[in-house]
Amino acid sequence: MKPYYVLIILFVILMPLSYASVNIEQIRGYVNNERASDVDENGGDFETHPSDNVELVVTLDNTENTTSKAKLKLTVDNIDKGNDIVKEQDWYDISANDDKSKTLSFSIPTDARRDDYDMDLETWYRLNNGTEYALDKIDFNIIIQSINEEIGIIDISGMLGNLTSSCESLAQTTNTCFG
């Protein structure tokens, strides 16, 4: 076989790998329906509490002239008593020269410990001829805070001390006026 045939064959095989016909256009994250401003196509952090609802909205853009398929998989490592939470969006169509958004959502377990957890989003696409490509793997962080961190710990003894001194001064004033 002549060397230029080998080069042509390699070019034909490797050319589709050099550009993706499906691209990640946008990623938005939400915690309890409020936008997580630090989350985008490059990853980011979700600041959460136990029982919070987390959503990841992924928009993929198909630049092909034919319909392509895409698949999404979200994995949160070791968050549920050492087990992973896995959410998938099975193969779905994206029309030619169009985009489509899909949402992956889950709830933080009520007994989740205060910690940082790794979350990965994996995306794949498949062309009409059946050729399948891994598009991207994006890393996110799930940061679980305890409820006391956000609202602060209430100093009950200080509040009671202030209330007691207020009542004592009120009692003294009342005794002088009516006594």
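How many bridges join strand 5 to strand 8, and do they run parallel or antiparallel?

1. Eight bridges join strand 5 (residues 68-80) to strand 8 (residues 115-126), and the two run antiparallel. Strands here are DSSP runs (E, at least two residues), numbered from the N terminus. Two strands pair if DSSP finds at least two bridges between them. T75 stands opposite D120 in strand 8.

2. A word on the source. This is a predicted model: local features need pLDDT of at least 70, side-chain atom pairs count only at pLDDT 80 or more, and totals for chains, interfaces and linings use all residues. Residues are numbered from 1 along each chain as its sequence is written, and side-chain values use heavy atoms, with hydrogens and water left out.

3. The sheet is open and has five strands, in the order 3-9-8-5-6. Pairing is mixed. Strand 3 (44-48) and strand 6 (83-94) stand at the edges; each has a single partner strand, so one side of each is left without a neighbour in the sheet.

4. Two aromatic pairs turn up in a search of the whole structure. Rings of Phe, Tyr and Trp (its six-membered ring) pair if their centres lie within 6.5 Å; planes under 30 degrees apart count as stacked, over 60 as edge-to-face and the rest as tilted. F46 and F140 form a tilted pair, 6.1 Å centre to centre with 55° between the planes. F46 lies in strand 3 and F140 in strand 9 (residues 132-144), so the pair ties together parts 94 residues apart in sequence.

Conventions: Helix = DSSP H or I, 4+ residues; strand = E, 2+ residues; numbered from the N terminus.
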